[in-house]
Amino acid sequence: MRAIILAAGRGLRLQLPEDQQLPKCLLRFGHMSLLERHLRMLKSAGIDEVVLALGFRHPLVEVELDRLRWQPRPEIVLNERFDLGSVLTVHTVADALTRGGGVLLMDADVLYDERIMAALVAGEQPVNRVLLDRDFEAGDEPVKLCVRAGVPIELRKQVAPGLQFDTIGESVGFFRFDEAGARRLAALVAGYVTGGRANMPHEEAVRDLLQERSQIFEVTDVTGAPWIEIDYSEDVTRAAAQVLPLLQPLSVLRA
């Protein structure tokens, strides 16, 4: 299994001065960057093949990798048009999606507990999996995951009125695909780009994959495991003050 970490964006919603803007995977919590936390948890899960989809100020990420001396060094794929949507970033890593085997697709800007990683990678059989957190704040920002009879039926910030579902929660932003699921996602993403929709979030293509029912998806409930996506400056404060103290100690300390 390989992990693809999406880390190309500028993080404009953090509203930092231009000279202080940096890839969000370099934000530090507890003297450790989000990137280092990702790498440690992936190694703890037995995943050494990591692909970093970079764009904005990507040399800074490479400097961090040099500092970490992480081995094996992650493969870097650049999205030169990182100002567009994340669906284009996923398209730039199409080779990593389609070269065979299972794939984890992960947002870089998430501070999370090892229990979430454990839920994502659990089991030895190939599987497509989405993660659901039922304890979420209502509003327009969370990407909602709706489930009916154990099947994920919606993945969007805005849920259509009248949609019938058994369970609703927030998507953690991490997805697992078996080989067929990853190849189909790559095809859907390519359709977005060639169809002039490269400015869309990649969750839209994942939503299409869920709704076309060509692949079977498991839904794993991670409610109670602490995590936070870093979008706004208040998220940085909350991550440091409320989420970081709840995280289990990382079991892998060195590369």
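Me: Which residues of strand 4 are buried on one side, and which on the other?

Reply: Two conventions come first. This is a predicted model in which local features need pLDDT of at least 70 and side-chain atom pairs count only at pLDDT 80 or more, while totals for chains, interfaces and linings use all residues. Residues are numbered from 1 along each chain as its sequence is written, and side-chain values use heavy atoms, with hydrogens and water left out. Helices (H or I, at least four residues) and strands (E, at least two) are DSSP runs, numbered from the N terminus. A residue is buried under 20% relative accessible area, exposed over 50% and partly exposed in between (1.4 Å probe, protein chains only). In strand 4, Val103, Leu105 and Asp107 are buried on one side, and Leu104 and Met106 on the other. Because 5 of the 5 residues of strand 4 (residues 103-107) are buried, the strand is largely enclosed by the rest of the structure.

Me: With which strands does strand 4 pair, and in what sense?

Reply: Two strands pair if DSSP finds at least two bridges between them. Strand 1 (residues 2-7) runs parallel to strand 4 and is joined to it by 5 bridges; here Ile4 stands opposite Leu105. Strand 9 (residues 167-177) pairs with strand 4 in the antiparallel sense over 4 bridges, and Phe175 is the residue opposite Leu105 there.

Me: How many residues has the largest nonpolar core, and which of them have the most contacts inside it?

Reply: In soluble globular proteins, nonpolar side chains tend to be buried together. A nonpolar core is a set of buried Ala, Val, Leu, Ile, Met, Phe, Trp, Tyr and Cys residues joined through side-chain atoms within 4.5 Å. The largest has 35 residues, and Leu42, Met106, Tyr112, Ile116 and Phe174 have the most contacts inside it. Helix 5 gives the largest share of this core, 5 residues. Apart from it lies another core, of 31 residues, one of which is Ile4.

Me: How many aromatic pairs are there?

Reply: Rings of Phe, Tyr and Trp (its six-membered ring) pair if their centres lie within 6.5 Å; planes under 30 degrees apart count as stacked, over 60 as edge-to-face and the rest as tilted. The count by this rule is 4 aromatic pairs. For Phe177 and Phe217, the ring centres are 6.2 Å apart and the planes at 90°, so this pair is edge-to-face. Since Phe177 lies in strand 9 and Phe217 in strand 10 (residues 217-221), the pair ties together parts that are 40 residues apart in sequence.

Me: Is Asp113 buried or exposed, and why?

Reply: A loop residue is judged by the accessibility rule already given. Asp113 is found in the loop between strand 5 (110-112) and helix 5 (114-121), and Asp113 counts as buried because its relative accessibility is 0%. A polar atom of the Asp113 side chain lies 2.7 Å from the backbone nitrogen of Gln248.

Key: Polar contact = N/O pair within 3.5 Å; in protein donor to acceptor, adjacent residues only side chain to side chain.
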